[in-house]
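Me: I have some questions about the terms used for a model like this one. Please answer each with the value and the definition.

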Amino acid sequence: MRNSWADSVENTATDNVGPSGGSGASASTRRSSYVPPHLRNKPMGAEPPAPSPGGPPSGNDRSGFNGPTSGSRWGGSRPDYGRQGYSGGGRSGGGWGGRGGGWGREREVNPFGNDADVDLEQSFDQENTGINFDAYEDIPVETSGENVPPPVNTFAEIDLGEAVNLNIRRCKYVKPTPVQRYAIPISLAGRDLMACAQTGSGKTAAFCFPIISGIMRGDFSQRPRGVRTVFPLALILSPTRELSMQIHEEAKKFSYQTGVRVVVAYGGAPINQQLRELERGVDILVATPGRLVDLLERAKVSLQMIRYLALDEADRMLDMGFEPQIRRIVEQMDMPRPGERQTMLFSATFPKEIQRLASDFLANYIFLAVGRVGSSTDLILQRVEYVHDGDKRSHLMDLLHAQMANGVHSKQALTLVFVETKKGADALEHWLCINGFPATAIHGDRTQQEREQALRTFKRGDTPILVATDVAARGLDIPHVSHVINFDLPNDIDDYVHRIGRTGRAGKSGLATAFFNEGNLSMAKPLADLMQEANQEVPEWLTRYASRSYGGGRNKRSGGGRFGGRDFRRDSSYSRSGGGGVSYYDGGNSSGGYGNYSGGYGPGVTSAWD
DNA sequence: AAAAAAG
């Protein structure tokens, strides 16, 4: 039972240096002698202030946190390579961030240790990736495009700079995930990227590492120093507020003590605080589209210095009707054109709308498809049960009781319950609460504060049951979700895949239970197919429903199979699918390794319009 | 049809 949380605590306690990152070489060698390029020839400053004055040292401190490398960052002469806005222009400067002391510039909060359980817990979770990581080996990957840079097998092979390497170690990342193995070299080579992959595959790190490292290496001394306008160098767009928050949190870890500043902006939260954060300087801006448009209209943000653009969950953003706003941001503001910036487009699926977006936003891109993490591994045990609507609550209660009996209702065993509607979420939460189950809810009608609160208490295990609408379906990385219950099945198999993907994360196993009834007929076939594909036991009654093939379950996955999509540029039959076979791509491509997995594309997926 | 996102 090495998998338990307690075990991992123990392991981490004894193994305090952490894994050597597979670098093979001496982790014991002090990296103090190395000075990152952008810090060279700078006078070494004073020692950094103690990371947690008075507090116990965090686990991360042991891995060289206090090393001299970090010292230079905090000395009087901060390397200022054209970064604007740090002084705050004396606006509200002094009074702000009062805890900072020193010279009005607040200390960078250590995103790793300090904040006891929550963060440590995540770290342990990450460490566990080392255990089941082999599960990732089976995930099929394909690339196509001109001169695809070869993938790497270890982080050691990638030169991200010492500061980022340290953070990788602090995150306890041992080995790059498939999407990282391919995407990072592609991105470091300066190429645009269209990637079909889901969060949980390590996407965030895949686009953050090259961005951070690129910003550290780059010379941006030409960056304007606006008084009220800021000029970020990188923009990361994501569909939901919580996802933006999460990307922000991760990016802060990756860029800790690199001098790269990450700021997040999303709606529902007071804009003034976000503005203050922006005015203190921003290199990487993480945002939801609506709030960003607002900031652009107010001329608080200019995109003219953008060198890196990443769009996360692009298909989701289009589903949510963000295309006009995204096009406005990318094409109609002062953003540099494709080719003058580096663009990474991430999407779970690759339907025509995304293909259009790709051809409009990207220049000579490389296509990368990573098999679906949720179904192509055996990490998630999927179950379907036939439950009438009226029986759902009592059935749910049975499941939860069983879990409680097993004593698994704690931090290491959270249960996420998906429902169809916001009203339904409220009702179910209330019902669970009055029946003595510690539940909370997240959906779009709750205030942002309530949403964040719900997520926090859930993550902490204070309310180990979270009732959610699809706002929480994609991308959210919550450690220790051991059970996803589809109380109401979605109408789209991709949504199902995303939902169950909230468990079985980071190489851990998980359980997904779905309640199926006559109202979900359109899902019978896609669900049965998907489960079959994932080597799950398909109940006989579901197979019967599936064989009757109800037309729906709109299958957006062009191509089906284990990938979210395929590079349509290489698809000779592309013209068949309407759209007129845009031929801006000269077939003269090399390598690519395409076709290795052609077997993975099942025989024509039955589609609604056949 | 519902959900999400700008207020």
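Me: Which polar backbone atom is 2.8 Å from a phosphate oxygen of DNA strand B?

Reply: This is a predicted model, where local features need pLDDT of at least 70, side-chain atom pairs count only at pLDDT 80 or more, and totals for chains, interfaces and linings use all residues. Residues are numbered from 1 along each chain as its sequence is written, chains are lettered from A and ligands numbered from 1 in the order in which they are written, and side-chain values use heavy atoms, leaving out hydrogens and water. The atom belongs to Gly267.

Me: What makes the pair of Lys422 and a phosphate oxygen of DNA strand B a polar contact?

Reply: A polar contact is a pair of N or O atoms within 3.5 Å; within protein, one must be able to donate a hydrogen and the other to accept it, and residues adjacent in sequence count only if both atoms are side-chain atoms. A backbone N or O atom of Lys422 lies 2.3 Å from the phosphate oxygen, so the pair meets the cut-off. For Arg241, a side-chain N or O atom is 3.2 Å from a phosphate oxygen of DNA strand B.

Me: Why is α7 called oblique to α16?

Reply: The axes of α7 (residues 241-254) and α16 (residues 448-460) cross at roughly 55° and come within 11 Å. Angles under 35 degrees count as roughly parallel, over 145 as roughly antiparallel, 65 to 115 as roughly perpendicular and the rest as oblique. Therefore α7 is oblique to α16.

Me: Which residues of α7 make the contact (heavy atoms within 4.5 Å) with α16?

Reply: They are Arg241, Glu242 and Met245.

Key:
Axes are lines fitted to C-alpha atoms, for helices over the stretch in contact, and angles run from 0 to 180 degrees between N-to-C directions. Helices (H or I, at least four residues) and strands (E, at least two) are DSSP runs, numbered from the N terminus. Contact means heavy atoms within 4.5 Å.
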